[in-house]
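Here are some notes to read alongside the model. Take the points in order, with the structure open next to you.

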Amino acid sequence: MDRIVNIGIIGCGGIANGKHMPALSSLPNVKMVAFCDLIEERAVAAAKKYGTADAKVYTDYKELLKDENIEVVHVLTPNRSHADITVDALYAGKHVMCEKPMAKTAADAKRMLDAAKETGKKLTIGYQHRKKPSAMYAKEYIEKGELGEIYSANCYAVRRRGTPNWGVFLNEYEQGGGPLIDIATHSLDLTLYLMNNYEPKMVVGKTHKKIEHPEAGNIWGDNGVSTTPLEEAAYAFILMKNGATIMLETSWALNTAEPIEEGSCVLYGSRAGLSLKNNHLTINKVELNRPVITNVDTSVGGVAFYSGASSNPPVVEAQNWIYSIIHDETPIVKPEEAYVVSQILEAIYESSKSGKPVYFE
């Protein structure tokens with residue numbers, strides 16, 4: 001890493017403060033030189049904490065994009081504005097890291113993908129679960145052929161009572177949906193990534209809003225949880241063109257005694273199976289005519305799986321992203337892959353509304 005990358009932050013809310021800015025601040029070859037937010041006080045606070053001494057503050061992202069010293073932009077705004085800001089940034093000559101999901105709609109995601117292709121600028125999406133030690137081990141294990149043909153999978157992001165009630169999480173216009181687009185997007189991305197399969201054929205899905213008192217026991221309190229129109233849970237069956245199947249399950253609020261963290265999945269292969277639930281990795285197979293289950297400890301000795309020494313997924317994500325900029329390499333999360341995730345999520349919503357399967361061309 002032999003040069004400095006100047007970054008502009010667009011959106012200085014929760015995900016910026018909780019993930020991106022702390023991760024970027026840990027990298028020696030990064031400078032955050034501009035901050036933009038509709039609420040000026042947020043941008044000012046971010047600039048003071050994470051910016052250079054002469055960092056600029058904006059309330060209009062288009063003004064930030066005029067700064068030719070900015071090479072990279074992080075788009076950390078509500079889902080509805082991901083596409084417009086990203087497309088403008090790409091055409092302004094910036095590389096873009098956009099927080100997940102790629103966009104509110106598949107059409108918007110396609111606009112982003114097309115803009116990246118037309119401008120030749122790099123675009124990636126913030127799916128940091130690919131960078132956790134258990135997932136990186138699983139990916140290497142799979143690429144060695146140890147699972148054989150992966151023909152079936154389940155992916156999960158299941159909370160018992162964990163409906164976010166701040167910012168615009170409960171705003172359907174801004175976000176586009178509930179847990180499906182919010183947390184299941186991570187699990188679906190990781191599942192497709194591990195399977196290396198991005199060709200869906202058909203989706204059947206159903207969303208639910210049935211809990212009588214969703215505010216009861218909610219870890220963040222009520223504050224609108226009781227009245228939000230968004231789904232509390234969603235389920236889907238996804239058929240891939242090669243015949244592989246994926247079962248998806250997600251919830252913000254569900255009467256379950258077994259919550260499963262986002263970024264969890266189970267893969268079934270012709271040679272072995274793999275479970276990555278709640279960041280715990282197990283491998284099952286038959287050896288010497290006996291069923292064997294291996295618990296993989298990824299808490300130590302994981303340095304070999306990283307471009308750097310950190311085992312913190314947001315930091316590794318930032319490291320890989322900046323490395324791809326400096327060395328002109330392809331980011332780990334390709335926009336083409338994230339676009340397929342958006343297509344499938346939208347198909348699940350569409351299927352739930354119509355009561356019919358949704359087929360892909």
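1. A charge sits over a ring if NZ of Lys or CZ of Arg is within 6 Å of the ring centre and within 35 degrees of the ring normal. K139 is a case here: it lies over the face of Y193, 4.3 Å from the ring centre. K277 also has its charged end over a ring, that of Y156, at 4.8 Å from the centre.

2. A word on the ground rules. This is a predicted model, where local features need pLDDT of at least 70 and side-chain atom pairs count only at pLDDT 80 or more, while totals for chains, interfaces and linings use all residues. Residues are numbered from 1 along each chain as its sequence is written, and side-chain values use heavy atoms, with hydrogens and water left out.

3. How far can you trust it? The pLDDT (the predictor's confidence in each residue, from 0 to 100) averages 95 over the protein chain, and 97% of the residues score at least 70. Residues 302–309 fall below 50, and beyond near neighbours in sequence this stretch has 15 contacts (heavy atoms within 4.5 Å) in the model. Where pLDDT is low, the predicted coordinates should not be read in detail.

4. Now the aromatics. Searching the whole structure gives 3 aromatic pairs; rings of Phe, Tyr and Trp (its six-membered ring) pair if their centres lie within 6.5 Å, and planes under 30 degrees apart count as stacked, over 60 as edge-to-face and the rest as tilted. W166 and F169 are edge-to-face because their planes are at 75°, with ring centres 5.2 Å apart. W166 also pairs edge-to-face with W220, at 4.9 Å centre to centre and 75° between the planes.

5. What does the pair of W166 and W220 tie together? W166 is in the loop between β7 (150–158) and α7 (172–175), and W220 in the loop between β8 (200–208) and β9 (233–240), so parts 54 residues apart in sequence are joined. (Helices, H or I of at least four residues, and strands, E of at least two, are DSSP runs numbered from the N terminus.) W166, F169 and W220 make up one aromatic cluster.
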